[in-house]
Amino acid sequence: MLRFDAVGLHYLSGGTPGPDVLRDLSFTVPEGAFRWLLGPSGAGKTSLLRLMYLDARPSHGRLHVLGTEIGSAPRRALPGLRRRIGVVFQDFRLLDHLPVFDNVALPLRLAGRGEGQIRADVGEMLRWVGLQDRAGTHPAELSGGEQQRVAIARAVMARPSLLLADEPTGNLDDAQAQRLLVLFRELNRLGTTVVVATHNETLVARYPARALRLDRGRLTEVG
Amino acid sequence: MARRSLLRPPGFDELGLRRAMADRMLPFLVAAMAFLAALALAGWVGAATLAQHWQHGAGASLTVQVPQPGDPAIGRTGPDARSRLDRVIETLTATPGIAGAHALSRPELGALLRPWLGGGDAALLERLPAVIAVRLAEPPPTPAAFAALDTALRRSAPGTVLESQGLWIGRLLALARSLQACAGAALLVVAAVAAAVVAVATRAGLAARREAIEIVHGLGATDGFIATRFAGRATLLASAGGIAGALAALPVLLALARLAAPFTAGSAAAPASAGPSVAGIETFSGSLPVALWLLLPGLPLAAAAIGFVTAQVTVRRWLRRLP
Ligand SMILES: Nc1ncnc2c1ncn2[C@@H]1O[C@H](COP(=O)(O)OP(=O)(O)OP(=O)(O)O)[C@@H](O)[C@H]1O
Ligand SMILES: [Mg+2]
């Protein structure tokens with residue numbers, strides 16, 4: 001599912017390589033697993049997730065995502081992989097010019113599904129996240145929690161094999177955060193591999209699972 | 001409102017390009033380019049038509065007069081064994097750009113001159129210069145070649161007159177060909193500017209919708225998917241501009257065609273309609289060369305093609321910066 005072999009990452013600053021933000025990471029996340037991704041701010045959690053959702057390629061080492069070696073894969077091989085990965089970004093990244101319905105439907109349209117099936121599936125998904133009445137509303141008119149649920153609905157809409165979430169409870173209240181976790185555990189039970197990055201140690205304590213712990217770009221714990 | 005959004009409109013705008021890609025500036029600029037292209041096309045067709053007319057009509061033949069055709073010609077080292085007429089015909093047929101030279105026989109000449117001279121004055125005919133009808137080939141001799149020919153003829157048969165009309169035809173043909181080349185160059189420049197205009201508009205659209213593009217790219221959209229969205233928009237706007245420009249150029253071209261009609265119509269055709277009449281409209285539209293009627297609808301098509309290809313290339317190159 002996910003296999004890291006001595007993976008390192010540095011960003012380019014003005015064409016020259018910056019400092020290593022991830023160093024010598026080796027671990028695997030098997031299919032159907034659930035992992036917390038923990039560590040202090042600046043430890044490299046978001047950078048590690050970016051490698052997983054193919055927003056960056058490793059600077060060193062070998063990385064396998066969904067069975068494909070990312071370092072040497074041709075660029076045209078990546079879109080197909082991305083469509084099998086659902087991501088909940090900390091800042092949601094919804095398309096502001098589209099109503100909720102079209103935001104959630106986007107992965108299905110990119111996958112080329114028929115409009116009839118899209119209408120049925122998206123309607124069902126919006127009911128599941130409790131937004132059936134907001135289908136025609138634009139994201140800017142939604143509360144933070146509602147936007148979060150739209151982002152989650154979009155992430156899981158196309159039944160991804162891999163679900164990645166970056167600080168998904170960052171601006172949710174406790175009840176909302178717990179509801180979100182119930183959702184993720186449910187998807188995981190249905191077979192989706194899930195990795196959730198968070199600072200929220202109380203949430204981790206309440207839902208114990210194996211964890212990847214990062215500190216200054218190095219792995220200090222492999223659950 | 002909510003109900004309507006549940007139906008995917010045809011041409012669904014994932015990237016929000018309807019707002020991002022200037023929907024007034026681009027068609028307006030492309031329309032201006034199409035207008036210029038129409039004028040250049042008209043210039044090209046007009047020059048080609050005039051050149052063809054001169055070449056096959058008035059320009060296709062010229063005449064050479066040879067006084068005392070029976071006297072011996074002058075060779076390189078004195079009098080030649082051949083007659084002046086034979087020698088002139090020999091020189092003419094050996095000149096590149098001349099298809100044939102035919103000396104009018106005495107009876108032919110006599111028939112030609114009978115209205116003025118009356119029949120049977122053989123003695124007078126004997127004293128007239130011989131007349132050679134020359135057919136020009138494609139391409140005809142250049143003005144320089146005409147000048148050289150003139151010199152050569154007068155050296156071997158002094159007093160020979162090469163009708164200067166031929167020289168002028170050659171010069172006009174050279175001018176027409178140059179005009180055609182200029183019109184072609186103008187077309188190329190206009191197409192390049194149109195492509196640049198589309199590229200700038202596409203880049204502005206890319207910059208304005210960068211975030212949406214990154215999101216859709218992250219969700220697994222291929223470069224082709226994103227480029228096609230932009231290309232669709234660019235094609236629509238460019239063809240709208242192309243149609244507007246071609247339509248705007250139409251009255252100008254018709255007016256030009258009316259001015260040019262007497263030159264291109266040939267002696268047989270009547271001049272463009274003199275007064276207002278119902279048939280005037282037909283004469284009017286008929287005054288535009290067929291080639292232009294065929295080429296004008298090509299302008300929106302060319303604009304659409306330029307829009308499509310330029311947007312595709314611009315977007316695909318831009319997308320390479322994303323992982
Ligand atoms: N685009 C970038 N260019 C250069 N450096 C970056 C970039 N993104 C992150 N970094 C650096 O990489 C390091 C790790 O950042 P990252 O965002 O992965 O940390 P994080 O664990 O997600 O932190 P937080 O918990 O605050 O979100 C930081 O030192 C940061 O400055
Ligand atoms: Mg982070």
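The shell around ligand 1 is made up of 4 nonpolar, 6 polar and 3 charged residues. The model described here is predicted. Of the 13 residues around the ligand, those that come nearest are Ser41(A), Gly42(A), Lys45(A), Thr46(A) and Ser47(A). Helix H1 of chain A, spanning residues 45–52, supplies the largest share of this shell, with 4 residues.

Polar contacts to oxygen atoms of ligand 1 involve both backbone and side-chain atoms of chain A. A polar backbone atom of Gly42(A) lies 2.8 Å from an oxygen atom of the ligand. In the side chain of Thr46(A), an N or O atom is 2.7 Å from a ligand oxygen atom. For His199(A), the separation between a polar side-chain atom and an oxygen atom of ligand 1 is 2.9 Å. Ligand 1 exposes 630 Å² when taken alone, and the protein buries 57% of that area.

Helix packing was examined in both chains. Two packed helices are described by the angle between their axes and the distance between the axes. In chain A, helix H3 (residues 100–110) packs with helix H5 (residues 144–157), the axes coming within 7 Å and crossing at roughly 20 degrees. Since angles under 35 degrees count as roughly parallel, H3(A) and H5(A) are therefore roughly parallel to each other. The crossing in which H3(A) passes H5(A) is right-handed.

H3(A) also packs with helix H4 of chain A, which covers residues 115–128. Here the axes come within 10 Å and cross at roughly 125 degrees. This angle makes H3(A) oblique to H4(A). H3(A) passes H4(A) in a right-handed crossing.

In chain B, helix H4 (residues 84–93) and helix H7 (residues 143–156) pack with their axes 10 Å apart, at an angle of about 160 degrees. Angles over 145 degrees count as roughly antiparallel, and H4(B) is therefore roughly antiparallel to H7(B). A right-handed crossing is found for H4(B) and H7(B).

Methods
Residues are numbered from 1 along each chain as its sequence is written. Chains are lettered from A and ligands numbered from 1 in the order in which they are written. This is a predicted model: local features need pLDDT of at least 70, side-chain atom pairs count only at pLDDT 80 or more; totals for chains, interfaces and linings use all residues. Side-chain values use heavy atoms; hydrogens and water are left out. A residue is near a molecule or strand if one of its heavy atoms lies within 4 Å of it. A polar contact is a pair of N or O atoms within 3.5 Å; within protein, one must be able to donate a hydrogen and the other to accept it, and residues adjacent in sequence count only if both atoms are side-chain atoms. Accessible areas come from the Shrake-Rupley method with a 1.4 Å probe; for residues, only the protein chains shown count as cover. Helices (H or I, at least four residues) and strands (E, at least two) are DSSP runs, numbered from the N terminus. Ala, Val, Leu, Ile, Met, Phe, Trp, Tyr, Cys and Pro count as nonpolar, Asp, Glu, Lys and Arg as charged, and the others, Gly among them, as polar. Axes are lines fitted to C-alpha atoms, for helices over the stretch in contact, and angles run from 0 to 180 degrees between N-to-C directions. Angles under 35 degrees count as roughly parallel, over 145 as roughly antiparallel, 65 to 115 as roughly perpendicular and the rest as oblique. A crossing is left-handed if the near helix is turned anticlockwise from the far one by less than a right angle, and right-handed if clockwise.
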